Amino acid sequence: MDKLLIRGGRPLSGEITISGAKNAALPELCAALLTAEPVTLDNVPALQDVATMLKLLRNMGAKAERDADRPDRIRLDAGSVTSPEAPYDLVKTMRASILALGPLLARFGEATVSLPGGCAIGSRPVDQHIKGLQAMGADIRVEHGYILAKAPTGGLRGARITTDMVTVTGTENLMMAAALARGETVLENAAQEPEIPDLAEMLIAMGAKIEGHGTSKIRIQGVERLGGVNHRTIPDRIETGTFLCAVAATGGEVLLRHARADHLDAVIDKLREAGARIEAGTDWIRVAASGRLKAQSFRTSEYPAFPTDMQAQFMALDCVAEGTARITETIFENRFMHVNELVRLGARIEVDGHTAVVQGVEKLSGATVMATDLRASASLVIAGLVAEGETVVDRIYHLDRGYDHMEAKLRAVGADIERIK
């Protein structure tokens, strides 16, 4: 099992190119199931989750391959899908596999999808997906760990759907299903994350009729068929935020290319309040920092508030900042599992329910730590970059699920970091 060996204490300097967004690419790969025509996606990151999704699509009979000359380009053809099923052995490692449910049901009239797995950061139920599809007329049963879904005769019907909570994958699944449903679907309490409008723009280019994407109310007029498309995935805002925190914590100056500052307002505001210097253009962000920053309290919430996917990384920065910060997690109940590992590096953190109190220390010291989930692993890398001595981060298969060659990008800006067996 691979590990990362980090020798900390080096400021970062240079340029990093941000990869495409994992959380945009995965639903867009599933959107290819909505048409029998070829689909081409550009700026798709080389991640384990993407590889798993491609394997899942091939298992259904679709053609899905990376371009030999352009590794970030994926060509898909779901015209030959023969098995509208997502089996457990593929779904168990990646919760995003549930995104195949809506497209399969809308186009083929039936779907068999295993209940999903993924990171152990808390309960992430799919009941809102099921509730919405049932409102569109689907007959859905859950048996032996599988969702068994059938559309009514004539296909799914448009409906007004109000989810009980804001759900990103739920909004994406229902929006894709509604694109081929009969009549109008209105999604109330829809998620507003940037990945939602990106998916909607792809669907619109395929022939879908969608309005209101990026707001809490999305209207979809169903069409009979969708066509092929060439689409470029947006930059990964969480990868961008992770590198911003890494530079702010270690010091130095780094230019992030292919980065969207407008997708990270809440994080950038906190970094500026902490003392980091940040400039941005339409597709770049420059971050610089020197000396200890000021600890910042924050509360995670749905977009455009502070993202839960950035909580662990900003906590790592707070660990070496001046002062005390209160961090409240409102999205996932088990998303403080990185705290014990940060404490092993010398951090001072106390957890009370959904709130962590971080007392900044001047120095962390290297140790062997274990990643517990995707974003926790990133926080440990940041802490290791700051800590004196050697830090070994174990179980980095979590990291590979969401970061495209992170250690290579950090090495290019001066970090002493290597992958070891």
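**Salt bridges across the chain**

Asp 42 counts as buried, with a relative accessibility of 14% (buried means under 20% relative accessible area, exposed over 50%, and partly exposed in between, with a 1.4 Å probe and protein chains only). The model is predicted, so local features need pLDDT of at least 70 and side-chain atom pairs count only at pLDDT 80 or more, while totals for chains, interfaces and linings use all residues. Residues are numbered from 1 along each chain as its sequence is written, and side-chain values use heavy atoms, leaving out hydrogens and water.

The side chain of Asp 42 meets that of Arg 70 in a salt bridge, at 3.8 Å from N to O (a side-chain nitrogen of Lys or Arg within 4 Å of a carboxyl oxygen of Asp or Glu). This pair links distant parts of the chain, 28 residues apart: Asp 42 belongs to strand β3 (residues 39–42), and Arg 70 to the loop between β4 (63–66) and β5 (74–77). Helices (H or I, at least four residues) and strands (E, at least two) are DSSP runs numbered from the N terminus. Arg 70 is partly exposed, at 29% relative accessibility.

The structure holds 30 salt bridges. Another of them joins the side chains of Glu 15 and Arg 257, at 2.8 Å from N to O. Because Glu 15 lies in strand β2 (residues 12–17) and Arg 257 in strand β15 (residues 252–257), the pair ties together parts that are 242 residues apart in sequence. Glu 15 is partly exposed at 44%, and Arg 257 is partly exposed at 37%.

Glu 239 and Lys 409 also meet through their side chains in a salt bridge (2.7 Å, N to O). Glu 239 is in helix α8 (residues 237–250) and Lys 409 in helix α14 (residues 406–411), so this pair ties together parts 170 residues apart in sequence. Glu 239 is buried at 2% relative accessibility, and Lys 409 is buried at 14%.

Finally, a network of salt bridges links Asp 2, Asp 400, Glu 407, Arg 419 and Lys 421.
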